[in-house]
Amino acid sequence: GLGFANVPRRVAGNPGIGGVAWTLLLDAAAAEAIETLRAEGIRAILLKGPVTAQWLYSGHAPRRYTDVDLLVAPDEFPRALRALEDAGYRNYVEVRDTFEGAHAVPLRLERPSGAGSTQFPAGLSIDLHWRFDGIGVSDEGFWTVIARDAERMLVSGRQVEVPSEPARALLLALHAGTFRASFRQPLRDLDRALERLSGDTWQAARQLAMRLDALPRFVAGLAVRPLGLELIDRLDLRSAIDVRSR
């Protein structure tokens, strides 16, 4: 990973930057946000974005992303939201206390801000999660399972917590099963995971899906890709797609 000092001010401060440079800034912003929450005694786990890029795309064409996703415990969510708002992020959900049907709050850095040697430009985006779409157990149950098995990854020069590999595989399948087919990146991510991950990892992801009451959406997500259909047959999961997921 690259530390803050490795993102030049002339790059970080240029509102016209894009592509790889923007993802480097998102990585740095994610690490800084996790540090901000940690200083408040709040544990945060980094989902997707830089996690998927390092895990599945290292040494290949870079995976670009436009925001990063952080997961916090449901009972810590209000404090985490306030801490990031105090750091300059704006919650642009109109009714702050009404999140019916939602799983995350989108935050955007409202003004340029400095951290170490980096001048973060306005517009950087973080989705703050307290749950994940497709999970059937309680929010507390989801957090407990993900947090218990979390691993560490170096992002922008800092150690951050990320989900275990089976959990990452599960989340990729859930993500692919959530979006319309025209949104290609979740499908590319799932294809890469299906090509690279072992059968043992997918078996562990299946067990995790069962524990989290996410099996129907997990299977529905796998079913959108040819290699996923093959995996469904190997794991004998054809009967697991319910009416809603279908």
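**Salt bridges and a helix crossing**

R196 is partly exposed, as its relative accessible area is 38% (buried means under 20%, exposed over 50%, partly exposed in between, with a 1.4 Å probe and protein chains only). Its salt-bridge partner is E195, with the closest N and O atoms 3.0 Å apart (a Lys or Arg side-chain nitrogen within 4 Å of an Asp or Glu carboxyl oxygen). E195 itself is exposed, at 53%. Elsewhere, salt bridges with shared partners join E32, E35, R38 and R158 into one network.

The model is predicted, with pLDDT of at least 70 needed for local features and 80 or more for side-chain atom pairs, while totals for chains, interfaces and linings use all residues. Residues are numbered from 1 along each chain as written, and side-chain values use heavy atoms, without hydrogens or water.

Altogether, the structure holds 14 salt bridges. In one of them, R158 pairs with E32 at 3.6 Å between the closest N and O atoms. That links strand β9 (residues 158-162) to helix α2 (residues 19-39), across 126 residues (DSSP runs numbered from the N terminus: helices are H or I, at least four residues, and strands E, at least two). R158 is partly exposed at 23% relative accessibility, and E32 is partly exposed at 24%.

R168 bridges to E151, with 3.3 Å between the closest N and O atoms. Because R168 sits in helix α6 and E151 in strand β8 (residues 151-155), the pair ties together parts 17 residues apart in sequence. R168 is buried at 9% relative accessibility, whereas E151 is partly exposed at 34%.
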